[in-house]
Amino acid sequence: MNVDRRTLFKMAAAGCVGVAGVRKAHALAMQSTDDKFGLLYDATRCIGCKACVTACTAANGLAPEPGPSAGLYQAPEALSAHTKNIIKLYRSADGSEWSYMKQQCMHCADPACVLACPLSALTKGDFGIVQWNGTTCLGCRCCQIACPFNIPKFEWSQVNPKVVKCELCRHRLAVGKDPACTAVCPRQAVIFGKREDLLADAHRRIAGNPGKYFQNRVYGEHDGGGTQSLYLSHVAFTKLGLPDLGNRSLASGVREVQENVYQHGITPVAVYTALVAITHRVWHKHRQHSAQEAEELGLEEQI
Amino acid sequence: MRPQWRRMLQISEPVLTRPFWLMVTLAALGLVLCTVREFVGLHAVTALNDGYSWGLFKNFNVTTLTALGSGGYAMALLTYVCNQGRFHSLMRTALLTSILSYTVGMLALAVDIGRPWNLFFMVDPWTWNPHSILWEVAFCMTAYVMIALDFENLAPLLEGLEDENMPKLVRDLAGYAKRFVKTAYPYGVALALALPTMHQSSLGSLMLLGGTRVHPLWQTHLLPLFYVVMAFILGIAFVELVLMASCAVWRRPVDNRLLASLSNIVSWTTAVWLAIRFGDIAMRGQLGAVLRFDFYGILFLSETALIAVPAMVLRSESRRLDPSRAFPWLCVLTIGGMLYRYTPTTIAFRPGEGYHYFPSVPELLISTGFIALAMMGYLFTVKRFAILPATLEMSVQAAVTKSIKKEKAA
């Protein structure tokens, strides 16, 4: 058999992808939908090829954004209603420190957007994916106010606008495929898997490379109450646009304030009852007085 | 003798005046732009973007202007809970400002949301997310404006329907309805007190969702408290301003004492509000941020000055008793309070990533259009129904004039 170098590469690549694909698809099929799945992005591995950006656009049927390239390339500048996933470059002022950064939904364990959504259009679905359902969405954009990562985007120019955000390619997961961004990444800078496996992997990398990673920690393990998209980086996370949120989710703080006041609806009922009792007395007294006065003057009583 | 407001009396003047037509024009312009927005989407009409996804409609027409329209809430709290019957003659004015500002606020919200056809789900309990603050705000506001406020505002309408010119059936029905209103009033008032307490505070809780993106001088767990107390202050101040302006325009006697005691309440409540505000900032260790004199520090200082100085000035009784001197200071206080309600939602909201927001011209025109619509409602109602307070002498005189006219006609 005459096999040249090019064909050999192709066969090898196809074999690898095939094996990996089957293994992953099988692994997912065996999982309970309660298990949390997510992404692990290692900024030190990313080469900024943006294959994931293009793959995401294609897999999700989004319109390309040529940006400043005057129609030549798929070159979005930021997350938008046409871009659910983006690679950005961070470079310090003197150029000595730089890193790529991948941005997409963090799929928080306790998402603020889900708490904020008035008609449950955003929910935590199978595999812990934060997903949007247009049937009940009001387009109120409370999710945009609530998301600490500025992820949900809105189709401002549409008459029938949708909320656009990464849903971990749940339509691909349903047919046994990995999310598009992880499937095409040539350096495995972003990988897909069960959250606990990804965390174990991340900690192995940190242990194997002491001093390589920022603070020797995984962003998203505890940040903001934990996220399913996890990050490893050699530069400070805040420089990559990942905010310092503490270990508590925003949603739990807001819920606490509300619950302290409302006490599962007991407070409003108690307040209403008390108000009825008070106003009843005051109103009765007032009526007596005003009726008497109106009679004396020969005028109609005014409520 | 000092004039004393005891009853309510309509303004006997035609509705279709020049200022009314000006309001009609502004409202029509806004309405046309609203229609355009339904056909071209939000982007073409507003400056809203993914960073500042709530703009003028939500943050100004609803969050800020319903605070001005909290007069019905604040005055009912004073009259029917704190047993201050002397304010009864001001209740109708307060309730009218409330129903108008809430109604146009809700209309603005309907223009602002992107998928209004799904509003239908607000009646489907299976889609509700009762943990959502916005759900609570929407639910309580709708219930307030569609049930509680309508009930409270029924009395002048029913009196109008009882007029002798009306057919007998209408008069009889109005009479029954009036009897029902009289009996059920305490339940309605209690509802009209409970609902705004919830939604006016929840308008503050909404910004808790902004998290660290709201500047620490404004972001605090006490936001709901600050918002509801500020609504109380602004509600009273606005009722005072409306009364002063109306009396000046239509040359009606002013009950200086009554207004002065309201100013007194406004001034004291503001003092308490400021004390908690500074206490909270000190407790959270943010006093340094005040004295940094950066943009936010200066914004905070100006906002606080606009609230604190009038409150201090209104401590003088002679100033409170003179509407021409109290009016400008109440205006300043109102502007400061409105600024406080608006700041956390937009000016001190920092989404980062180079997002900017300044309302576009059509957005400003729509917002103005809704305000003009409320003004139209006010001008019409005070001339057709007994809303504005009057003295006993005026009421007796009006009744006599009416009976003389009737006799002449007969």
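**Notebook: contacts, core and helix packing**

I began at Cys113(A). Leaving out residues up to four places away in sequence, Cys113(A) touches Leu122(A), Val130(A), Cys143(A), Ala146(A), Cys147(A) and Pro152(A). I note that the model is predicted.

Next I looked up the core. Which residues touch the most other members of the largest nonpolar core? I found Cys113(A), Ala116(A), Ala146(A), Met75(B), Ala192(B), Leu209(B) and Met230(B). This core has 192 residues.

I turned to the contact between the chains. I read off 50 residues of chain A in contact with 57 residues of chain B. Which elements of chain A each supply at least two residues to the side that touches chain B? My list is helix 3 (112-116), helix 4 (142-146), strand 6 (153-154), helix 8 (250-262) and helix 9 (266-297). Helix 9 of chain A gives the largest share of that side, 14 residues. I also checked the composition of the side of chain A that touches chain B: 33 nonpolar, 13 polar and four charged residues.

Then I went to Met101(A). I located Met101(A) in strand 3 of chain A, residues 98-103. Is Met101(A) buried or exposed? Met101(A) has 21 C-beta neighbours inside 10 Å, so I log it as buried; the cut-off is 20 or more. Beyond its neighbours within four places in sequence, I find Met101(A) in contact with Ala43(A), Lys88(A), Tyr90(A), Leu240(A) and Gly241(A). I also checked Phe237(A), 136 residues from Met101(A) along the chain. The C-alpha atoms of the pair are separated by 9.7 Å.

Last, I took a helix pair in chain B. Helix 10 (residues 256-283) and helix 14 (residues 323-342) of chain B pack at an angle of about 30 degrees. Their axes are 12 Å apart. Which residues make the contact? From helix 10 of chain B I have Asn256(B), Leu259(B), Ser263(B) and Thr270(B). From helix 14 of chain B I have Pro323(B), Ala326(B), Leu330(B) and Leu333(B). I sorted the residues of this contact into five nonpolar, three polar and no charged.

Terms used. Residues are numbered from 1 along each chain as its sequence is written. Chains are lettered from A and ligands numbered from 1 in the order in which they are written. This is a predicted model: local features need pLDDT of at least 70, side-chain atom pairs count only at pLDDT 80 or more; totals for chains, interfaces and linings use all residues. Two residues are in contact if their C-beta atoms, placed from the backbone, lie within 7 Å. Helices (H or I, at least four residues) and strands (E, at least two) are DSSP runs, numbered from the N terminus. Ala, Val, Leu, Ile, Met, Phe, Trp, Tyr, Cys and Pro count as nonpolar, Asp, Glu, Lys and Arg as charged, and the others, Gly among them, as polar. A residue is buried if 20 or more other C-beta atoms lie within 10 Å of its own, exposed if 12 or fewer, and partly exposed in between; C-beta atoms are placed from the backbone. A nonpolar core is a set of buried Ala, Val, Leu, Ile, Met, Phe, Trp, Tyr and Cys residues joined through C-beta atoms within 7 Å. Axes are lines fitted to C-alpha atoms, for helices over the stretch in contact, and angles run from 0 to 180 degrees between N-to-C directions.
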